[in-house]
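Please keep the display in view while I talk.

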Amino acid sequence: MRLVYISAESASVEDGAGRFMEKLKTARGGAGWYIVSAQLNITFGAFMHISALLLVDESKTGGDLAVVHSTGGGREAAVLGVIEKLNPVIQNAEVVSFKVGTYTTPVTRRTYAVGIVAYNRPALQASEVSRTDDRRELLAHVLSLFDYNPKVLNVSELARIFGVSRDTIYYDIQRILEEKKRDQPV
């Protein structure tokens, strides 16, 4: 287990949410994690600040964060817009923590709402994995457990389990290793 802190700040709600998600991707790496506990924070002022302090278990996968934003004529409309965007994300997920904040600009009276949710998805069985991203996340986690040594994998068996060709598995492994290499500090 380890603690992870992610934060982003921007004068633009959209830019701040985008920066936060980029930092999350960097912090998580290719292997994934399971979120045990989360402290989420959203503050507004001259800048919007989003932060998450996470206790993660890297021996499991399925944990993620989502940040969405919405505008509306008032607080209620803006918050309902955020809820509408978050509900599909957390369907069938275990929600660890969530936070919604609003801000109304003084001059234009435009209201913004920002929502952040920390959640864990139940582990998928290999036969249930149909999306390339899900398959790669699962393979990246397995590779991370073996210090990114692809020789420990039985490519033929993985191809059979996932219902794809061996070439697809080799390509996935190559992409995972390239991403790992690119993300390593020089």
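Predicted model: local features only at pLDDT ≥ 70, side-chain atom pairs only at ≥ 80, totals over all residues.

The protein chain exposes about 11,000 Å², of which carbon and sulfur atoms supply 50%, the areas coming from the Shrake-Rupley method with a 1.4 Å probe, where for residues only the protein chains shown count as cover. Residues are numbered from 1 along each chain as its sequence is written, and side-chain values use heavy atoms, with hydrogens and water left out.

Of the 186 residues in the protein chain, 37% are buried, meaning under 20% relative accessible area with a 1.4 Å probe, protein chains only. The C-alpha trace spans about 60 × 35 × 25 Å along its principal axes.

As for the fold, the protein chain has five helices and six strands, taken as DSSP runs (H or I, at least four residues, for helices; E, at least two, for strands) and numbered from the N terminus. Their order along the sequence is β-α-β-β-β-α-β-β-α-α-α. Among contacts (heavy atoms within 4.5 Å) with a separation of 6 or more, 66% join residues 24 or more positions apart.

Which residues touch the most other members of the largest nonpolar core? They are F20, I35, L54 and L65, in a core of 22 residues, where a nonpolar core is a set of buried Ala, Val, Leu, Ile, Met, Phe, Trp, Tyr and Cys residues joined through side-chain atoms within 4.5 Å. At least two residues of this core come from each of β1 (2-10), α1 (13-28), β2 (34-43), β3 (48-57), β4 (63-72) and β6 (111-120), and β3 gives the largest share, five residues. Beyond its neighbours within four places in sequence, F20 contacts I6, S7, A8, I50, S51, A52, L65, V67 and I116. Apart from this core lies another, of twelve residues, including L158, A159, F162 and I176.

Finally, helix α2 (residues 75-90) has 16 residues and reaches 22 Å from its first C-alpha to its last, close to the expected 22 Å, which is 1.5 Å times one less than its number of residues. A78, G81, V82 and L86 are buried in α2, and the buried residues of this helix pack against β4, β5 (94-104) and β6. Just after α2, N92 takes a positive phi of about 65 degrees.

Technical notes:
Buried < 20%, exposed > 50% of the residue type's maximum accessible area, 1.4 Å probe, protein only.
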